[in-house]
Amino acid sequence: MKAAFKKDFAYAMTPLKILSWPVGTWPLQDYNAFSSARTILAVFFLLLMVTIVQTELCLDRSDAEKNLDALVLITCGILAVAKVICFRVWPAGLVANFTSAVADYERTSDKEKRVILRRHARMGRVACAGVIFFSYFGSTLFMLATMFAEKEEEPFNVTEKDAPNYPIPSENILAIVNAPDSLFVLIFVLEYMMMLMTSTGNLGSDSLFFGIAFHLCGQVEVLRLEFSKLNNEHGRAVDRFVVLIKRHIYLLHLAEMLNGTISSVLIVQLFSSCILICTSGFQFILALSVGNVVLVIKTFTSQSALLVQLFAYSYVGDYLTRRMENVGNSAYFCSWYDLPKSVAKDIVYIISRAHDPVQLTAGKFFVVNMETYMSILKTSMSYLSVLRVMVNA
């Protein structure tokens, strides 16, 4: 069993640790000076990138393509800083859930329960791989786009020495500080690392949340299975029912703590996603109209990352709600007629509580589910239609 525990736990948690440890947000780490140094270094690089891009935007607003790129980078950088600080400064919800996950894997010996946990761990890995792939691919594409842009400009400006292009808009700032051309490769690599750090802080933090949220859903599914098997075997129905009630209360508390950890950041996430989906879609349409293949691919990747990220949050919120509701359904369909009267009466309270499940919320008032996802898409498309009409007019 110990070998099985290690294998299942590593399968579920290793990708999350790889993404969260470099920025100091791994919940099972020792919260010491070394972990604090990693967080401070990550926040410093993120704030440095946001400052550079914001200053560049103030110095030169003539290039619409760079302005839109700057908007995406600034928004993603702010979100990354907010998530890293939130997960580091207020980690109680994550620590409680991850500590509970360790105990869950240690004491789970039933094969059917292990299959449920493994299935939800797979769902967490798929969500993690999806958002991280689009994020890292988008960062790499931003870097490659500057290289292709330079190659395209060379035949037209052979005699004129242009300023080199960088992964993030920073040409004017580097010109002000008089950065030598010999440092071009070093600056290029550093800026690319800043973009990867932004992806890790933003989408990597999301992956950490998705992974533990799916594990919590797996535990709720195990509880539903236990309720469906509730019977009066050996006259122990009352004791078993009390254990299941305490477990239900405990899982509800973990869900509330997890929601409290991300709720304040989610309101910014939803608002910025709506704006960026709209602007990226507008940029995508303009790039198609002029036949700019590099820009088409870059904007399509950025928009795909935004849509995948928003879809993942909406799906997790919707899935968590459905699993909580199924606990009441399972209690309703159990063999309550064979149970003692005191237990059969109390099942009504389980069903009643299940009709008011914990939901993933943004700012404690905006429910995040698939309906929210569709609403944001409709709003973004409406804004995009207005922009198209304004440009055509």
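Why does Arg 240 count as partly exposed? At 34% relative accessibility, Arg 240 falls in this class, because partly exposed lies between buried (under 20% relative accessible area) and exposed (over 50%), with a 1.4 Å probe and protein chains only.

The structure is a predicted model, in which local features need pLDDT of at least 70, side-chain atom pairs count only at pLDDT 80 or more, and totals for chains, interfaces and linings use all residues. Residues are numbered from 1 along each chain as its sequence is written, and side-chain values use heavy atoms, with hydrogens and water left out.

**View A. Salt bridge between Arg 240 and Glu 226.** A salt bridge is a side-chain nitrogen of Lys or Arg within 4 Å of a carboxyl oxygen of Asp or Glu. Here the N to O distance is 2.3 Å. Arg 240 belongs to helix α8 and Glu 226 to helix α7, 14 residues apart; helices are DSSP runs (H or I, at least four residues), numbered from the N terminus. Glu 226 counts as buried because its relative accessibility is 14%.

**View B. Salt bridge between Asp 206 and Lys 83.** The closest N and O atoms are 2.7 Å apart. The pair connects helix α7 (residues 184–228), which holds Asp 206, with helix α3 (residues 64–89), which holds Lys 83; the two residues are 123 residues apart. Both Asp 206 and Lys 83 are buried.

**View C. Salt bridge between Arg 247 and Asp 104.** The N to O distance is 3.1 Å. Arg 247 lies in helix α8 (residues 237–290) and Asp 104 in helix α4 (residues 92–107), 143 residues apart. Arg 247 and Asp 104 are both buried.
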